Amino acid sequence: MAASTHTEKTDSIMTGKDAEVGKELPYSPFGTKMRAMIVIITAMTGLVSPLSANMYYPSITKVRDDLNTTQSGITWTITSYVIAMAVFPLLWSNLADYIGRKPVYALSMLIFTCGSIGCALSQSLVALIASRVVQSAGSSAVQGAGAGTISDIYPREQRGTALGIYYLGPLLGPCLGPLIGGYIGQDAGWRWVFWVLAIWGGIMFLLAIFVLPETHRRLVARKTPIQQVNIPPRLGLKDNNPLLDIATARYPVVALSMFHFAMLFGTYFTNATAQPLAYEGIYNLSQGMSGLCFLASGVGCVMGSTGGGRVTDLLLRRYRHKLEAQADNDECRENLPTIPAEARLGAMWVGSGMFLCAVVICGWLLENRLSLAGVLVTQFFIGFGMAFTFQSLGGYLIDVFPMRSARITGVQNFWRSVWAAVIVQLFPTMHSNIGWGWSYTVMFFLTLTSLTLMQIVVFRGQILRQRFGPSIDLQ
C-alpha cells in the first residue's frame, strides 16, 4: 500500500476488530441539533465568497464610471477575485488540517471583513483590485474547509444530505448576489454593497469565535472518545504542501472528476455573469429587476442541492441493502464488502443532463430574443442540474479521500475556479463574434465532453483506482 494512502479509511462499514471496538462509540460527539447548527453556520460562511463575487456585478458600470476607468480595466476586479478564489482555498485547507477548522474560519472572516472595508473605501482601480484580492483571500477559506467540517461530523452514509445543505451556500451566491446587490447598488450606491458584505463578514467572525465548536477529528478525539476512523495523523508544516494536493490530478479518476467539475462550473459561472447583460440589454429590465430574475436559478439550486444530497445517500443505502441481501449468513453480513465510492455517482447523469439541455436552449432563446419566461425556466434547470451534479461529484471525491476531505475540496475548487476565470474572460469576445447561441453551444459541447468522459469513472472507476490509485485503506 502506498505510504500516502496507508492511513486512509472509509467510515461507512467497519469490519472485524474495528467494528467491535468502535460500535459503542459515536462517530461524532455532537448531537443532532448541534450538528445541524454547525452545518448552517458552515453554509452561511460558505455563502460569503460567491455572494461577494456576485453582489458586485450589477454595479460594474457605475463603478467603472465612478473610478473613471475602462471596461477592460474593471473586468480585472472580477478576474483577480476569481484567481484568488482558486489559489487561497489550497492554503486554507492545508492550514485547517494543521491547526483545526475553528481558527481558520475566524481568521479568514476577519481578513474578508478588512478586504470588504477596503473595497468600500477604494478611490482608484488599483486600490479596488487589491482590496478584492484580500476580500477573496479571506472569503475562500470555507470553499475547502467547509467540506472537511461536514466529513468531521457525519459518517459516509449520512454525509450527502449534510453536503446538500452546505453546498447551498456556494451555489446560492451567484443567484442571490445579483438580486441583493442590484437593489443595494441601485438605491444606496455601489460602495454600500461592500459595507453590507463587511457587516456579514463581521457576523460570521463572531459566530466562528463564540458559537462554532472545533470539529477536526484529530483534535476532538483528544478530548472525547469517538470512532477511530478518518482521524489523520498530525503533519508538519513541510507536509502541508498545496502543490502535492494539486498533484492528485495524476490519478485518472481525480483528473476526470476535476475536468467535469471545471467545465460544469465554468459554464454555470459564465452564465451567471452574462445574465445581467441579457436581462438589461435584450429585455430592457432595470438593475433591480435584473437581479430578481436570478431567483429562478436560486430556487433550482436549493432543490437540486437538497434533493441531490438525499439521492446520493439513498444510492449508498440501497447498495448496502443489496450486499446484505446477497450475504449467506450473519457472519457474512458482519463482514460485507466495502461500498465503492462510485456508487454515489449513479444518478449524476440526471443533473448533468438537465444542465446541458437548459444551457443550449437558453443560449438560443437569447440569440433569437424570445420569451423571458422561457429563459427563466432554463435558468431554474441550470441551477438544479448544477447543484445536483455538485452533490454527486463532491461526495465522491470526499469518499475517495476521507482523510483529506478539506484538501481535496480545495483542489477541485482550484481547478474549477481557474477554468471559470479563463472562460469568463473569453466570453465577451465569443459573444461579440458568434453571438449568444453559439457561445452557449460551445460551452454545451465542452461540458458534454467532460460528462461523457465521466462515464469512465462511473462504470470503471473502482478498477482504475485499484490499478492507478488512489487506494483507500480499509483496515
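The model shown here is a predicted one, and its protein chain contains 19 helices and zero strands. Along its principal axes, the C-alpha trace of the protein chain spans about 70 × 45 × 35 Å. A compact globule of 475 residues would have a radius of gyration near 23 Å, and the protein chain, with 22 Å, agrees with that expectation. Buried residues make up 58% of the 475 residues in the protein chain, where a residue counts as buried if its relative accessible area is under 20%. Among the contacts with a separation of 6 or more, 85% are between residues 24 or more positions apart. The accessible surface of the protein chain comes to about 18500 Å², and carbon and sulfur atoms account for 66% of that area.

The largest pocket holds about 610 Å³ of space, and of the 21 residues that line it, Ile60, Gln71, Ile78, Thr273 and Leu277 are the closest to its centre. Four helices each supply at least two residues of this lining, namely α4 (60-66), α5 (71-99), α13 (252-281) and α19 (405-468). The largest share of the lining, six residues, comes from α13. Sorted by class, the residues that line the largest pocket divide into ten nonpolar, eight polar and three charged.

The largest cavity holds about 100 Å³ of space, and it is lined by 13 residues, of which Pro50, Met85, Gln143, Pro170 and Phe265 lie nearest its centre. The elements that give two or more residues to the lining of the largest cavity are α3 (48-54), α9 (156-188), α13 and α19. By class, the lining of the largest cavity has nine nonpolar residues, three polar residues and one charged residue.

The second largest cavity has a volume of about 80 Å³. Its lining is made up of 14 residues, and Arg101, Asp152, Asn230, Pro402 and Met403 are the ones that lie nearest its centre. At least two residues of this lining come from each of α8 (142-153), α11 (217-221) and α19. The lining of the second largest cavity has four nonpolar, four polar and six charged residues.

Where is Ser136 found? Ser136 is found in helix α7, which covers residues 125-139, and it counts as buried because its relative accessibility is 0%. Leaving out residues up to four places away in sequence, Ser136 touches Tyr81, Ala84 and Met85. Ser136 and Pro89 are 47 residues apart in sequence, while their C-alpha atoms are 9.8 Å apart in space. The second residue, Thr267, belongs to helix α13 and counts as buried because its relative accessibility is 4%. Apart from its neighbours within four places in sequence, Thr267 is in contact with Phe355, Val359, Met443 and Thr447.

Asn68 lies in the loop between α4 and α5, and although it is not a glycine, Asn68 has a positive phi of about 55°. With a relative accessible area of 73%, Asn68 is exposed, since a residue counts as exposed when this value is over 50%. Arg369, which is found in the loop between α17 (348-367) and α18 (372-400), is not a glycine and has a positive phi of about 55°. Arg369 is exposed because its relative accessible area is 55%.

A further backbone detail concerns a peptide bond. The bond from Gly469 to Pro470 is cis, with omega near 0°, and Pro470 lies in the segment after α19.

How values were computed. Residues are numbered from 1 along each chain as its sequence is written. This is a predicted model: local features need pLDDT of at least 70, side-chain atom pairs count only at pLDDT 80 or more; totals for chains, interfaces and linings use all residues. Side-chain values use heavy atoms; hydrogens and water are left out. On a 1 Å grid over the protein atoms alone, a cavity is a set of points where a 1.4 Å probe fits but cannot get out, and a pocket is an open set with protein on both sides within 12 Å along at least five of seven lines; lining residues have an atom within 4 Å of a point. Grid points are joined across faces, edges and corners, and a volume is the space filled by probe spheres set on the points. Ala, Val, Leu, Ile, Met, Phe, Trp, Tyr, Cys and Pro count as nonpolar, Asp, Glu, Lys and Arg as charged, and the others, Gly among them, as polar. The radius of gyration is taken over C-alpha atoms; the globule rule is 2.2 Å times the number of residues to the power 0.38. Buried means under 20% relative accessible area, exposed over 50%, partly exposed in between (1.4 Å probe, protein chains only). Contact means heavy atoms within 4.5 Å. Accessible areas come from the Shrake-Rupley method with a 1.4 Å probe; for residues, only the protein chains shown count as cover.
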